[in-house]
Amino acid sequence: MTSATEQHLAGPLSAAVANLCQRLQPQVSARTAAGFREVLRRLSAPLQVAVAGRIKSGKSTLVNALIGRRVAPTDVGECTRLVTRFQYGTVDRVELIFFDGTKQVLPFDAGGMIPNDLDVDFDKVSHLEAYLTNAVLRDLTVIDTPGLGSLDAASVKRTEQLLGAAKPAAGEGDPDSDELDDTSRNAVAGAEAVLYVVTQGVRADDQQALAAFTAATASREAGPVNAIAVLNKADTITPESVTGSDGDVWKAATLLAEKQAATLKPRVADVLPVIGLIAESAESGGFTSADADALKQLAQLDDGTWETMLISADIFTTWECDVATGTRVKLLEKLDLYGIRTAVDALRADPDLTAGALRRKLLDASGLAGVRSRLDAVFRARADGIKAAAALASVTALAHASGDAGERQRVHDAIEVLLAKPEAHQLRMLEALTLVTSGAVAMPDDLAEEVLRVGSSAVVGEQLGMKGRPHKELSAYALERAGWWRSFASFGATPAQSRVAHVVHRSYFLIWQQLREQAG
């Protein structure tokens, strides 16, 4: 492994899997070795997060907010039917990738965005690669998808091919080739994590999409380790429709997100409310000092006029006032009525707010900070484990795709040796969590809930379900549960359950050790 590659690995677990791939390469077929080289490349690349969801759920708007630049097209057009990968580059550029592997560089449009329509044979296009000099993308590649099961068949096929969801029959391709066949390519293709975007109603196909979405390599399903969801367009929720909201839009959105989290569980770690439009405008430079000046004028209107204008978008733009109709239309496009009301309320409370301070108020109101914080906690902080687990899944899939029983056994044995090491326990826990949440190992509901809790967080208080409790209490509880799971593994569990129980026991024991060392 080159020193350059080592510098880009997410951590020790990724390094251990990379070493495993290198050791195995001389012991496997040329085709499997080619797959291992692709796994090594992926291990040294940033964590890849796919933004998925139903059409018109606001995925591209949210992508722009997360990146901090309005670059993904949000209006319906050819480019919104393509998968677009946003990654770090030293020069801003967009490349159109064709199915035959050829590339075409695209210019940005006048507004600095990816052009929405293409003067090419669309049926020959695979996807877009956008390279941006953007600090956010140094350790996170964001993949904008057109939506699975929501658009025309060609768009769905492109998405499935790039993310690895389309799985040709095993054994396709020349077994003596050192190039990746379709099966092997799909084994290493997908994103490693998914940010799933929902709106007010979670439907059955949202559940199905999450269950089938190849959120990680080798068709590992979306789960609490590698998936979170956001309730977008939270400002469109009618507070009266949500019990306990007390007429407050954001409280209603928070309560609804909690209900959706229960519905989508255990496919996602959490559901968080967000207003993507306000977040995009405030974060990507769309909100200007001219907008702030217009809002200051609106803040000076009498209460009766102001409340009348807020009844609907039509009334807001047509009611007679000193702010030009065109200016009000632009405000609506950037903030919608909820954002406009939020800004005016802030200005009435503090008329001296600067444009920068008002932008920060809007950003706070969008909920983007909460989404970013959760992304950091679930994805960035655990990138090493997520990438290593995804890579191991790819290695296993590549060995199975080879059709060689001896090769499959050699790979299996090498993985077992790796997982037996104490430092690889996190991978064991991720494996156990996947087995339970996917239903591969049946557990009583209370125990499945406990496995989910212990494996879905890196924060001790959250792992124990005792956030904020005294250190001594946490330590005692961790030791107690370690003993319980060890007994269950030995006396009350089925063989499959016992395998999971031993891993959970080990997790509790390691937590207890960690707490004891902190106390010492």
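In helix H18, the residues classed as buried (under 20% relative accessible area, with exposed being over 50% and partly exposed in between, for a 1.4 Å probe and protein chains only) are His 425, Leu 427, Arg 428, Met 429, Leu 430, Ala 432, Leu 433, Val 436 and Thr 437. The model is predicted, so local features require pLDDT of at least 70 and side-chain atom pairs pLDDT 80 or more, whereas totals for chains, interfaces and linings use all residues. Residues are numbered from 1 along each chain as its sequence is written, and side-chain values use heavy atoms, without hydrogens and water.

H18 spans residues 425-437 and extends 18 Å from its first C-alpha to its last, close to the expected 18 Å (1.5 Å times one less than the number of residues). Its buried residues pack against helices H2 (12-24), H16 (383-402), H17 (405-419), H19 (445-455) and H22 (495-519), contact meaning heavy atoms within 4.5 Å. Gly 439, which follows H18, has a positive phi near 85°.

Thr 74 is located in the loop between helix H4 (59-67) and strand E2 (84-88); helices (H or I, at least four residues) and strands (E, at least two) are DSSP runs numbered from the N terminus. The relative accessible area of Thr 74 is 30%, which means that this residue is partly exposed. Beyond neighbours within four places in sequence, Thr 74 contacts Ser 60, Thr 61, Asn 64, Met 113 and Glu 280. A C-alpha separation of 9.9 Å is found between Thr 74 and Ile 114, 40 residues apart along the chain.

Overall, the protein chain contains 22 helices and 11 strands, and 51% of its 520 residues count as buried.
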